[in-house]
Amino acid sequence: TRTSRPQRILKAVQKNATKGDPESVISAIDHYCRHKEWAMNVGDDKGLILDSVLTEVNPSTALELGTYCGYSTVRIARLLSPGSKLITVEFNPAFAAVARQIIAYAGLQDKITLVEGPSGDLIPKMKERFGIKSFDFVFLDHWKDRYEPDTKLLEDCGLLKKGTVLLADNVICPGTPEYLKYVRNSPRYESRYYKSNLEYSKVEDGLEKSVFLG
Ligand SMILES: Cn1cnc(CNC(=O)c2cc(-c3ccc(F)cc3)cc(O)c2O)c1
Ligand SMILES: [Mg+2]
């Protein structure tokens with residue numbers, strides 16, 4: 001097919017959502033991915049859990065690893081208080097190009113900094129490049145084998161503080177076994193599993209919420 005799946009998702013947003021209305025952007029993507037073609041957005045079921053954790057944490061500085069089309073980026077940014085910031089990291093330039101347009105369509109570009117590149121290279125540069133002292137909230141949704149090494153990297157770079165909340169997608173499907181083992185066995189985290197289902201599907205999946213204890 002001529003267009004890519006992310007480009008078709010963008011088209012569905014431009015056709016069915018209202019410019020400047022993040023809720024309509026979220027609904028347009030969920031409708032398209034549930035009824036037309038599946039895509040790896042966190043989705044509406046797990047999205048409600050993401051919303052509730054975000055509302056509880058109310059982060060001033062948030063990090064997302066794995067932007068894809070920007071669905072969870074919009075979900076997170078729409079709930080941030082004025083002056084709060086979200087940095088989102090995407091390795092794939094084609095995904096990043098679509099995400100920028102979906103973020104702009106939602107009108108949330110002022111709250112979001114999208115950075116392209118490998119998370120392992122970008123995390124050590126967060127302080128110097130973006131003046132970040134530490135993150136209050138981290139959403140992990142990128143390559144599943146990068147969750148554990150990138151969490152250790154965030155610790156080593158002093159980017160986590162007492163109370164920072166990590167929320168990890170896909171801990172069951174596709175699964176992140178090394179990450180789960182790490183956060184569940186480390187005395188430096190208090191972890192809890194939120195059972196849900198894989199986006200737009202009946203297959204089980206869930207989110208792991210881990211609070212860094214310092
Ligand atoms: C290529 N790429 C760029 N970013 C990434 C990181 N994301 C995932 O891999 C990812 C995968 C799935 C998934 C795929 C196939 C399947 F059968 C079941 C689940 C779901 C998700 O929510 C994900 O976040 C992959
Ligand atoms: Mg995911």
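**Exercise 1.** Find which residues of helix α1 are buried, and what they pack against.

*Solution.* Start with the burial: Pro6, Arg8, Ile9, Leu10, Ala12 and Val13 of α1 are buried, where buried means under 20% relative accessible area, exposed over 50% and partly exposed in between (1.4 Å probe, protein chains only). Next, look at the neighbours: these buried residues pack against α2 (22-35) and α5 (93-106). Contact here means heavy atoms within 4.5 Å. Helices (H or I, at least four residues) and strands (E, at least two) are DSSP runs, numbered from the N terminus.

Before going on, a word on the model. It is a predicted one, where local features need pLDDT of at least 70 and side-chain atom pairs count only at pLDDT 80 or more, while totals for chains, interfaces and linings use all residues. Residues are numbered from 1 along each chain as written, chains are lettered from A and ligands numbered from 1 in the order in which they are written, and side-chain values use heavy atoms, leaving out hydrogens and water.

**Exercise 2.** Work out which residues coordinate the magnesium ion (ligand 2), and where Asp141 and Asn170 sit in the chain.

*Solution.* First, list the donors (N, O and S atoms within 2.8 Å of the metal, or 3.2 Å for Na, K and Ca; water is not among the atoms, so sites may look incomplete). The magnesium ion (ligand 2) is held by Asp141 (OD), Asp169 (OD) and Asn170 (OD1), at 2.0 to 2.2 Å. Then place the pair: Asp141 is in the loop between β4 (135-140) and α8 (147-156), and Asn170 is in the loop between β5 (160-168) and α9 (171-175), 29 residues apart. Finally, check burial: Asp141 counts as buried at 13% relative accessibility, and Asn170 is buried too, at 4%.

**Exercise 3.** Is Arg192 buried or partly exposed, and which residues does Arg192 touch?

*Solution.* Begin with its place: Arg192 is in strand β6 (residues 189-197). Its relative accessible area is 49%, so Arg192 is partly exposed. Leaving out residues up to four places away in sequence, Arg192 touches Leu207, Glu208 and Lys209.
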